[in-house]
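Visitor: I would like to go through this model with you and ask, at each step, what grounds there are for the words used to describe it.

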Amino acid sequence: MTPFIAELIGTMLLILLGNGVVANVVLKGTKGNNSGWIVITTAWALAVFVGVTVAGPVSGAHLNPAVTIGLAAAGKFSWDLVPAYITAQMIGGMLGAFLVWLFHKDHFAVTEDEAGMLACFSTGPAIRKTSSNLISEIIGTFVLVFVIFHFSDPSISITADPTAKVGLGSVGALPVTFLVWAIGLSLGGTTGYAINPARDLAPRIMHAILPVKGSSDWGYAWIPVAGPVLGGIIAAVVYGLLN
């Protein structure tokens with residue numbers, strides 16, 4: 001396991017489970033059809049937990065170009081490593097989207113709702129308005145990255161022996177799980193809270209490649225890329241000013 005492979009596998013699991021729940025909710029004939037927004041936001045949060053648990057010990061589990069860029073902009077991550085991390089995240093996102101399609105292939109075949117099928121890959125606005133959609137993605141990602149900057153190390157120091165620590169193990173992935181859950185519940189209704197270019201662009205590419213009916217909506221595709229990147233950079237700037 002290397003940081004590149006960890007980011008790839010972690011992002012793949014994130015997309016498999018995150019976009020997988022969307023497919024379970026919107027595709028025709030699934031057991032979870034029409035189970036709603038709470039199911040989607042909860043499973044997306046748990047998908048983050050899974051991805052972070054796997055990748056965290058090796059790569060830090062960015063799983064998101066906006067997080068990688070935000071950390072680099074804040075001086076907490078080397079710019080030299082940014083291209084490799086983003087490449088791994090994009091490949092992982094594409095693989096995860098492919099697995100979602102493969103897993104639900106029969107349900108894609110009987111579903112007629114083209115917008116719903118696209119939602120199993122990428123996000124879209126509830127009300128299409130460029131400025132508002134961009135602002136939604138900027139604010140959502142700002143919250144994500146700014147709060148991540150304030151997470152403490154997932155361990156407890158023992159006062160009597162400062163070198164000894166009681167690790168929290170996989171429980172250390174819970175803070176970002178709850179963070180993404182909160183963002184989804186509170187800020188996700190306008191654009192579907194991409195807050196992650198690899199979560200949106202990589203699966204959208206797979207939607208265009210795979211035999212799935214409907215447009216990939218490339219006219220909107222720049223918003224869930226530019227918005228999260230801007231949100232991550234703004235979070236880094238604000239954090240730097242306050243610390």
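Visitor: Why are H3 and H4 called roughly antiparallel to each other?

Guide: In this predicted model, the axes of helix H3 (residues 65-73) and helix H4 (residues 82-103) cross at roughly 165°. Angles over 145 degrees count as roughly antiparallel, and H3 and H4 are therefore described in that way. Their axes come within 9 Å, and H3 passes H4 in a right-handed crossing.

Visitor: Which residues of H3 and H4 meet?

Guide: From H3 there are Pro 65, Thr 68, Ile 69 and Ala 72, and these meet Val 82, Tyr 85, Ile 86 and Gln 89 in H4. Sorted by class, this contact holds six nonpolar residues, two polar residues and no charged ones.

Visitor: How many cavities of 30 Å³ or more does the count give?

Guide: The count comes to one cavity of 30 Å³ or more, and the space in the largest cavity is about 30 Å³. What makes such a space a cavity is that a 1.4 Å probe fits there but cannot get out.

Visitor: What lines the largest cavity, and which helix gives the most to that lining?

Guide: The lining consists of Ser 136, Glu 137, Gly 140, Ile 183, Leu 187, Thr 190, Thr 191, Tyr 193 and Ile 195. Helix H7 (130-149) and helix H8 (174-187) are the elements that give two or more residues to it, and H7, with three residues, gives the most.

Visitor: How do the lining residues divide by class?

Guide: Four are nonpolar, four are polar and one is charged, with Gly counted among the polar residues.

Conventions: Residues are numbered from 1 along each chain as its sequence is written. This is a predicted model: local features need pLDDT of at least 70, side-chain atom pairs count only at pLDDT 80 or more; totals for chains, interfaces and linings use all residues. Side-chain values use heavy atoms; hydrogens and water are left out. Axes are lines fitted to C-alpha atoms, for helices over the stretch in contact, and angles run from 0 to 180 degrees between N-to-C directions. Helices (H or I, at least four residues) and strands (E, at least two) are DSSP runs, numbered from the N terminus. Angles under 35 degrees count as roughly parallel, over 145 as roughly antiparallel, 65 to 115 as roughly perpendicular and the rest as oblique. A crossing is left-handed if the near helix is turned anticlockwise from the far one by less than a right angle, and right-handed if clockwise. Contact means heavy atoms within 4.5 Å. On a 1 Å grid over the protein atoms alone, a cavity is a set of points where a 1.4 Å probe fits but cannot get out, and a pocket is an open set with protein on both sides within 12 Å along at least five of seven lines; lining residues have an atom within 4 Å of a point. Grid points are joined across faces, edges and corners, and a volume is the space filled by probe spheres set on the points.
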